Amino acid sequence: AVVSTQSTGREPLSKLPIQQLIDTCLQLLEYGAENKIGVLRTTETVSDPDIEQFKPLFQKGDNVGSSALKHATQQVALVNTLSEFQERSGADPGYPDTCFVELGAGSGKLSQWFHHKVNDSFFVLVDKQMCRRKADGYFKKQKCNFLRLKMDIKDINVSGVAEIGHYKRVCFACKHLCGGATDMALVSAAQTSQQKETSVLIALCCHHLCSWELYTGKDYFIRHFKPEQFYVLSSLSAWATCFKLDTMQVSDPDVVNNAIQKFRDDPESFIQQEHLVLDKNLQWHIGRCAKTVLNDGRAQFMLDSGFSVQFSKYVDVFVSPENTALLCSKNPVSL
């Protein structure tokens with residue numbers, strides 16, 4: 001039989017036949033068990049940052065409060081995570097002769113943190129929208145080489161940017177690329193890697209906005225799920241981020257595992273008035289399984305493109321529920 005690779009459109013989960021929703025949740029739990037998706041707490045965090053350490057990168061008008069520190073904590077953790085990955089990959093963690101490309105750059109704070117660690121580099125900040133360009137003032141003050149491009153990620157040809165041609169290495173560093181923007185970034189990195197040594201750091205997020213048209217992991221996905229399940233998984237992934245974790249027991253493996261087992265044993269008992277009503281700890285775990293499927297497909301795309309690939313939980317889930325980073329590296333000379 002010919003298997004269709006077309007995905008149907010997105011529909012609210014409430015519109016799905018309840019048995020289809022149950023079957024997909026059970027399938028995700030099975031995928032999670034096979035791939036050892038357990039209750040994850042990470043020690044790879046930047047804990048209790050000293051406010052004095054962060055002050056140099058705050059500018060006049062910044063609110064140096066808990067929100068600013070939360071974002072700075074994540075940015076520092078991402079910089080450190082990539083540096084450690086570079087070392088493990090045998091690359092120079094000092095990033096010599098490197099151009100940093102921040103896609104979906106927004107204000108450019110992530111590039112600013114990288115510059116704080118490696119001064120002698122060139123930074124390209126790409127975003128299709130006008131935004132508060134906080135990092136631009138910092139770069140100008142530091143007399144740093146940088147370029148800001150106002151364009152869509154899908155339209156950028158990194159190798160075609162004249163200033164980048166002078167550098168041997170390109171590092172794609174991206175913190176908040178929603179849905180299909182991540183896939184466009186991976187395609188851009190794969191294309192760039194045909195000519196230059198390329199590394200990638202993407203903090204994965206917003207899987208509920210993924211698009212089948214743009215998704216890079218189609219081949220992997222259809223080995224485990226049907227194409228028409230793509231938008232169901234995409235919607236279910238939101239369950240991993242829609243709860244306040246400090247009100248839950250997600251760090252207790254017994255609580256989560258018991259909820260999983262009860263659902264496996266008798267899923268129909270969770271139907272109330274023609275709706276599927278699940279324990280929020282179970283919903284959170286199913287959402288994480290859905291995210292993992294989508295992330296694994298992207299990782300397979302990068303592996304097929306010749307990259308070495310690794311995932312990292314770069315901060316504790318209680319700092320950010322979107323705490324997974326995709327790290328990739330490829331040296332075309334060695335292939």
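What share of the contacts in the protein chain with a separation of 6 or more comes from residues 24 or more positions apart? In this predicted model, in which local features need pLDDT of at least 70, side-chain atom pairs count only at pLDDT 80 or more, and totals for chains, interfaces and linings use all residues, such residues account for 72% of those contacts, a contact being defined by heavy atoms within 4.5 Å. Residues are numbered from 1 along each chain as its sequence is written, and side-chain values use heavy atoms, with hydrogens and water left out.

The protein chain contains 10 helices and 9 strands, taken as DSSP runs numbered from the N terminus (H or I, at least four residues, for helices; E, at least two, for strands). Of its 335 residues, 51% count as buried, that is, under 20% relative accessible area with a 1.4 Å probe, protein chains only.

Aromatic pairs, formed by rings of Phe, Tyr and Trp (its six-membered ring) with centres within 6.5 Å and classed as stacked under 30 degrees between planes, edge-to-face over 60 and tilted for the rest, number 17. Because the ring planes of Y31 and F225 stand at 45 degrees, with centres 6.2 Å apart, this pair is tilted; Y31 lies in helix α1 (residues 18–34) and F225, 194 residues away, in the loop between α7 (218–224) and α8 (230–236). Both Y31 and F225 are buried. F221 and F230 form an edge-to-face pair, 5.5 Å centre to centre with 70 degrees between the planes, and both are likewise buried. Ring pairs link Y31, W212, Y215, F221, F225, F230 and Y231 into a cluster.

Methods: Buried < 20%, exposed > 50% of the residue type's maximum accessible area, 1.4 Å probe, protein only.
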